[in-house]
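Please open the model in a viewer and follow the stops below in order.

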Amino acid sequence: GAVFTPKGEFVGMLLHALEDTKETYFMPAWALHRVFSDLLIFGRVRYAYVGLNTTVVWDRKRSVNGLQITDVIPNSPAARAGFQKDDVLVNCNGDAIFSREVLKNFMFAAQPRQTFQFDVLREGSKQVQCNLVTEEWKPKD
C-alpha cells in the first residue's frame, strides 16, 4: 500500500509484510519512479553493473566509516575505471559513501551507461578520481 507523510505527501509503498513477524519491505518513491520508468520505456527493469565488492572499514584518518574495495572483477566497469583492491571509496558524484547501503542506493538508481565520478583513497592517503561508466547487468544463463 501507499505510504504518505502527515501532510499527505507520497513517500513510497509498503510492498510486503511477513505474516509471523513485524518485518515489512518498503520502497521509497524515487525507487518506484525508477522501476516504473524502466517498465514503461523498456518493458523490463534494467540494472546497472559495476563489478566490485566492498566491506565497511573504520577510516581512522577521517574518523568515519569507509567502504573498502575487496575485489575488482576483471574486465568490469570498475576495472576499466581504475579501481584497485583496498581502495577506500570516499564519495560518489560529491556525496559521501560510508556504508554498503549508500553505495547500493546509488547503484539501484543508476542506469546502464551512466557515468559516476568517485573519489577514492589509495594506499591510505593518496586521493584518486575514478570515472566509472556502468554496464547493463545481465543474468547468467
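A residue counts as buried under 20% relative accessible area, as exposed over 50%, and as partly exposed in between. The model shown is a predicted one.

Select Glu135 and Arg80. Glu135 forms a salt bridge with Arg80, and the closest N and O atoms are 2.1 Å apart. Glu135 belongs to strand S11 (residues 135–136) and Arg80 to helix H2, so the pair ties together parts that are 55 residues apart in sequence. Is Glu135 buried, exposed or partly exposed? Its relative accessible area is 30%, and Glu135 is therefore partly exposed, because the range between 20% and 50% carries that name. Arg80, at 54% relative accessibility, counts as exposed.

**Second stop: a buried pair**

Select Arg122 and Asp87 next. Their side chains meet in a salt bridge, with 2.7 Å from N to O. This pair also links distant parts of the chain: Arg122 is in strand S9, Asp87 is in the loop between H2 and S7, and 35 residues separate them. Arg122 is buried, with a relative accessible area of 10%. Asp87 is buried as well, with a relative accessible area of 1%.

Now select Arg34, Asp38 and Arg46, which salt bridges with shared partners join into one network.

In soluble globular proteins, nonpolar side chains tend to be buried together. Select Phe83, Leu89, Ile97, Leu103 and Phe118: of the 23 residues in the largest nonpolar core, these touch the most other members. At least two residues of this core come from each of strand S6 (64–72), helix H2 (77–81), strand S7 (88–92), helix H3 (100–109), strand S9 (115–122) and strand S10 (126–133). H3 supplies the largest share, four residues.

Which residues does Leu103 touch, not counting residues up to four places away in sequence? They are Leu52, Thr54, Leu67, Leu89, Ile97 and Phe118.

**Last stop: a nonpolar surface patch**

Finally, select Phe4, Phe10, Met13, Leu15 and Tyr25, which make a nonpolar surface patch of about 500 Å². Strand S2 (residues 10–17) gives the largest share of this patch, three residues. Phe10 lies in strand S2 and is partly exposed, with a relative accessible area of 40%.

Methods:
Residues numbered from 1 in each chain as written. Predicted model: local features only at pLDDT ≥ 70, side-chain atom pairs only at ≥ 80, totals over all residues. Heavy atoms only, no water. Patch = residues over 30% accessible without salt bridge, like charges linked within 9 Å, V, L, I, M, F, W, Y side chains within 5 Å. Areas by Shrake-Rupley, 256 points an atom, 1.4 Å probe, with all protein chains shown as cover. Salt bridge = Lys/Arg side-chain N within 4 Å of Asp/Glu carboxyl O. Buried < 20%, exposed > 50% of the residue type's maximum accessible area, 1.4 Å probe, protein only. Core = buried A, V, L, I, M, F, W, Y, C linked by side-chain atoms within 4.5 Å. Contact = heavy atoms within 4.5 Å.
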